[in-house]
Amino acid sequence: MTKPSLPDLLHAAVTAVGGVERPGQVTMAEAVAEAIDDDSHLLVQAGTGTGKSLGYLVPALAHGERVVVATATLALQRQLVERDLPRTVEALHPLLRRRPEFAMLKGRSNYLCLHRLHEGVPQDDEDGLFDQFEAAAPTSKLGQDLLRMRDWADETETGDRDDLTPGVSDRAWSQVSVSSRECLGTSKCAYGAECFAEMARERAKLADVVVTNHALLAIDAIEGAPVLPQHEVLIVDEAHELVSRVTGVATGELTPGQVNRAVRRAAKLVDEKAADALQTAAETFERLMELALPGRLEEIPEDLGYALMALRDAARTVITAIGSTRDKSVQDEDAVRKQALAAVESVHAVAERITHGSEYDVVWYERHDRFGASLRVAPLSVSGLLREKLFAERSVVLTSATLKLGGDFNGVGASLGLAPEGSGGEDLPQWKGMDVGSPFDYPKQGILYVARHLAIPGREGSRGDMMDELAELVEAAGGRTLGLFSSMRAAKAAAEELRGRLDNPILLQGEETLGELIKSFAADPETCLFGTLSLWQGVDVPGPGCQLVVMDRIPFPRPDDPLMSARQKAVEEAGGNGFMAVAATHAALLMAQGAGRLVRATGDRGVVAVLDPRLANARYGSYLRASLPDFWYTTDRNQVRRSLAAIDAAAKAEGK
């Protein structure tokens with residue numbers, strides 16, 4: 001029997017999900033198939049509405065080797081596992097003559113732990129009683145959530161937190177889950193045979209397609225102990241997020257609270273001398289942290305260096321002592337021991353890493369209003385790690401609606417450890433970049449307006465002219481506005497100001513859950529939604545509910561961001577342009593994502609308004625504009641008000 005052609009397979013899959021084939025989707029599927037066959041790497045930009053999930057799933061399923069698909073957001077993971085994969089597998093089955101299996105795999109703490117659910121959490125003395133169900137009054141929200149999870153445990157097949165509806169708080173979930181460090185292991189655990197996390201891993205081992213997240217992909221690369229099953233093809237969707245997710249996983253943190261918890265957990269398992277040494281080191285560390293001022297530590301101060309060495313050495317002694325003692329008087333000793341060990345090992349690892357002082361790490365203090373000070377350490381760059389661990393032994397396809405910045409893929413490529421496209425020697429992975437376009441007619445559907453007449457935004461202070469401009473634009477649009485702000489303070493100030501000036505309802509991020517806010521925003525065209533970072537990427541409101549997207553300023557990283565400024569400095573010291581490589585690339589990605597909120601369907605019309613004249617006037621403005629969808633461009637404020645009013649009138653005439 002002849003092998004089915006890729007166009008036939010794609011047609012069957014698109015028909016099954018009720019979609020329409022797009023030229024860009026066909027081009028993408030062919031390029032993905034070629035990369036997999038050649039064992040090469042592909043960066044593919046596929047605009048909103050291309051149907052990129054099928055553009056990579058169909059060639060991957062047709063190839064027949066095991067594929068790992070890693071995504072950044074929960075929404076896309078669910079869409080793949082609950083909608084795209086079941087329908088695609090069903091549609092391709094008659095043509096392929098086989099039914100590929102698929103499975104979802106996440107980190108251990110995402111699954112309910114039966115041991116912890118039934119045996120209780122080994123609690124610290126300060127935190128209350130041993131049995132969390134007794135400790136939490138059944139009338140309290142926490143108590144009710146715990147009782148509900150106990151019932152859910154009897155009926156769930158996955159134990160996956162995201163399958164629990166309605167969801168529960170992080171605090172409630174932490175009572176019934178464990179990290180991989182705290183897990184007793186299947187052989188030692190009374191519930192090992194029924195473990196949800198282990199069952200998920202077993203299903204993944206048998207699957208042809210494993211859907212996971214960027215964080216687990218990072219853990220798999222960094223930890224050295226494989227978490228994901230062996231695979232021949234890796235597809236990274238929402239790939240513009242990968243570097244920040246990998247950086248997050250590779251970041252270590254020490255706080256006085258975390259160190260004190262480790263002390264309390266270990267105290268009952270080791271002799272007094274070892275416990276006292278750790279306690280003394282913890283107290284010294286806590287005193288120093290009370291005086292810590294936020295910012296980067298280019299060199300570790302002497303007193304902090306001594307405190308960290310004392311902490312590291314005391315933690316190492318405790319780890320050895322915990323491993324060689326048994327105490328039958330401790331209830332559920334294995335779990336208590338494992339939790340204590342996990343807490344102390346975590347302290348030891350970060351103290352050791354900062355004391356060791358790698359030139360490739362950045363160390364800084366951070367202060368949080370609620371949680372106090374923390375000491376953090378992160379890699380200066382993850383590009384070498386990604387090049388070595390991601391691209392070495394498999395074909396990798398990276399895709400997103402925003403990968404091409406300033407007109408090419410080299411900026412994103414460099415952050416992933418790739419040499420400029422077309423170059424590369426023995427050790428450098430060969431790759432190709434491809435933009436398959438978008439089904440949308442951006443010049444006809446959208447306008448990019450830059451408020452060139454406004455003052456350049458300063459670091460702090462009110463922007464009266466910007467507020468006037470914003471109010472006029474929202475009024476002209478009749479509401480229908482998504483306001484994307486560079487800080488929560490700016491979003492709040494704008495919401496307060498416009499609530500006083502306009503009759504339109506203004507929703508503000510943080511006043512309700514994100515899901516509820518987006519639902520309310522989509523339901524009422526006169527409503528506006530203002531917020532910060534998660535709105536730049538997480539809002540999908542097709543139709544007339546969102547016809548104006550406003551960015552208050554170019555979202556450069558804060559000048560006092562220790563990691564970003566260290567990365568910028570490192571590029572400059574190596575002879576490059578640090579501002580363009582780090583700050584401008586960061587801003588371009590966010591702006592491309594933000595502008596992508598406007599046109600979500602073929603009938604959408606509207607304006608992206610940037611209230612920062614630097615986008616029109618500064619040297620780097622053209623690079624940032626080249627990273628955005630190809631909207632019709634203007635700096636004429638009267639023209640844009642007329643256009644918004646016309647779009648609003650047309651929507652009202654259609655009764656929307």
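Select Pro166, which sits in the loop between α7 and α8; helices (H or I, at least four residues) and strands (E, at least two) are DSSP runs, numbered from the N terminus. A cis peptide bond, with omega of about -10 degrees, joins Thr165 and Pro166. This is a predicted model, in which local features need pLDDT of at least 70, side-chain atom pairs count only at pLDDT 80 or more, and totals for chains, interfaces and linings use all residues. Residues are numbered from 1 along each chain as its sequence is written, and side-chain values use heavy atoms, with hydrogens and water left out.

Keep Thr165 selected; its loop runs between α7 (141-155) and α8 (170-174). Is Thr165 buried or exposed? Its relative accessible area is 65%, so Thr165 is exposed (buried means under 20% relative accessible area, exposed over 50%, partly exposed in between, with a 1.4 Å probe and protein chains only).

Next, select Asp39, in the loop between α2 (23-38) and β1 (41-45). Asp39 is not a glycine, yet it has a positive phi of about 60 degrees. With 53% relative accessibility, Asp39 counts as exposed.

Move on to Arg97, placed in the loop between α4 (74-96) and β3 (102-104). Arg97 is also not a glycine and has a positive phi, of about 65 degrees. Its relative accessibility is 63%, so Arg97 counts as exposed.

Then go to Glu283, within helix α13 (residues 272-290). Glu283 counts as partly exposed, at 37% relative accessibility.

Colour the model by pLDDT, the predictor's confidence in each residue, from 0 to 100. The protein averages 90, and 94% of the residues score at least 70. Select residues 125-131, where the pLDDT is below 50; beyond near neighbours in sequence, this stretch has 12 contacts in the model (contact means heavy atoms within 4.5 Å).

Finally, show the whole protein, whose secondary structure comprises 27 helices and 18 strands. Buried residues make up 52% of its 656 residues. The C-alpha atoms fill a box of roughly 75 × 70 × 60 Å along the principal axes.
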